[in-house]
Amino acid sequence: MTERQEARRRRILQASAQLARRGGFDAVQMREVAESSNVALGTLYRYFPSKVHLLVATMQDQLQHMHETLHKRPPQESGAAARVAKTLMRAFRALQREPQLADAMVRALNFADRSVSPEVDTVSRLTTAIILDAMGLEGPPTPEQLSAVRVIEHTWHSALITWLSGRASIAQVKIDIETVCQLIDVTAPRD
């Protein structure tokens, strides 16, 4: 992408996030996103063919910011499981501060069909990178560790859904995240 295209994409993602913060999934209307980001509706659709594509890309953008924050302020806990749990709870609290945005992004992920697979895969890769960075591995992860990371990802996503739907408290989410992160210790290579 050229610099202008990247700036345009950034404006679109900012407009999407702003609309979602105010009214959730239903508030993100493509025409309003185009108007708010000062681009033509046709241009918006060239970048993002649907609202689901747009909101999944918004989630990518939010995760990228979380990943950058992790690099700037890594968790200080001594064990890998505790660092990952702390990191995921920090991310969860960031989403908790903006529940309408969180709900819009999660709904988009849940509505995503095959046409959104590349974007959903990017969200998954970013989440995996956040977890692996928090683990602080000295070498590449083992297949068992990658399996544990996938289970942790699934649990984090599920916990977010149950919290957003009012079926789980923050305390329960924390317990679930801390419990699943124990898989990191279970799958750690033995000397």
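Tutor: Let's begin with a term. A crossing of two helices is left-handed if the near helix is turned anticlockwise from the far one by less than a right angle, and right-handed if clockwise. The structure here is a predicted model.

Student: Which hand does the crossing of α5 and α9 have?

Tutor: α5 passes α9 in a right-handed crossing, so by that definition the near helix is turned clockwise from the far one.

Student: What describes the packing of two helices?

Tutor: Two packed helices are described by the angle between their axes and the distance between the axes. For α5 and α9 the angle is about 150°, and the axes are 8 Å apart.

Student: Which residues make the contact between α5 and α9?

Tutor: From α5 come A80, A81, V84, A85, L88, M89, F92, R93 and Q96. From α9 come I170, V173, K174, I177, E178, C181, Q182, I184 and D185.

Student: How many residues of that contact are nonpolar, polar and charged?

Tutor: The contact of α5 with α9 has 12 nonpolar, 2 polar and 4 charged residues.

Student: Why is I184 called buried?

Tutor: Buried means under 20% relative accessible area. I184, in helix α9, has 3% and therefore counts as buried.

Student: What does I184 touch, beyond residues up to four places away in sequence?

Tutor: I184 touches A80, A81, V84, M135 and I152, with those sequence neighbours not counted.

Student: Which residues have the most contacts inside the largest nonpolar core?

Tutor: They are V84 and C181, in a core of 59 residues. Elements that give two or more residues to this core include α5 (80–96), α8 (143–164) and α9 (170–186). Leaving aside neighbours within four places in sequence, V84 is in contact with I131, A134, M135, I152, C181 and I184.

Student: What makes T87 buried?

Tutor: The cut-off is again under 20%. T87 has 8% relative accessibility, so T87 counts as buried. This residue lies in helix α5. Apart from neighbours within four places in sequence, T87 is in contact with L70, P75, I130 and A134.

Student: Why is N38 called exposed?

Tutor: Exposed means over 50% relative accessible area. N38 has 65% relative accessibility and therefore counts as exposed. N38 is in the loop between α2 and α3 (41–47). Its phi is positive, about 60°, although N38 is not a glycine.

Student: Why is S169 called partly exposed?

Tutor: S169 has 40% relative accessibility, so S169 is partly exposed. S169 lies in the loop between α8 and α9. The C-alpha atoms of S169 and T43 are separated by 41 Å, and the two residues are 126 apart along the chain.

Student: Which residues does UniProt list for "DNA-binding region"?

Tutor: An unreviewed UniProt entry lists residues 29–48 under that name. In the model, this span is 75% helix and 0% strand, and its end C-alpha atoms lie 12 Å apart.

Student: Where does UniProt place "domain: HTH tetR-type"?

Tutor: The unreviewed entry lists residues 6–66 for it. Over residues 6–66 the chain is 80% helix and 0% strand, with the end C-alpha atoms 20 Å apart.

How values were computed
Residues numbered from 1 in each chain as written. Predicted model: local features only at pLDDT ≥ 70, side-chain atom pairs only at ≥ 80, totals over all residues. Heavy atoms only, no water. Core = buried A, V, L, I, M, F, W, Y, C linked by side-chain atoms within 4.5 Å. Buried < 20%, exposed > 50% of the residue type's maximum accessible area, 1.4 Å probe, protein only. Helix = DSSP H or I, 4+ residues; strand = E, 2+ residues; numbered from the N terminus. Contact = heavy atoms within 4.5 Å. Axes fitted to C-alpha atoms, helices over the stretch in contact; angles between N-to-C directions. Nonpolar A, V, L, I, M, F, W, Y, C, P; charged D, E, K, R; others polar. UniProt positions renumbered as here; feature names shortened; annotations may be inferred.
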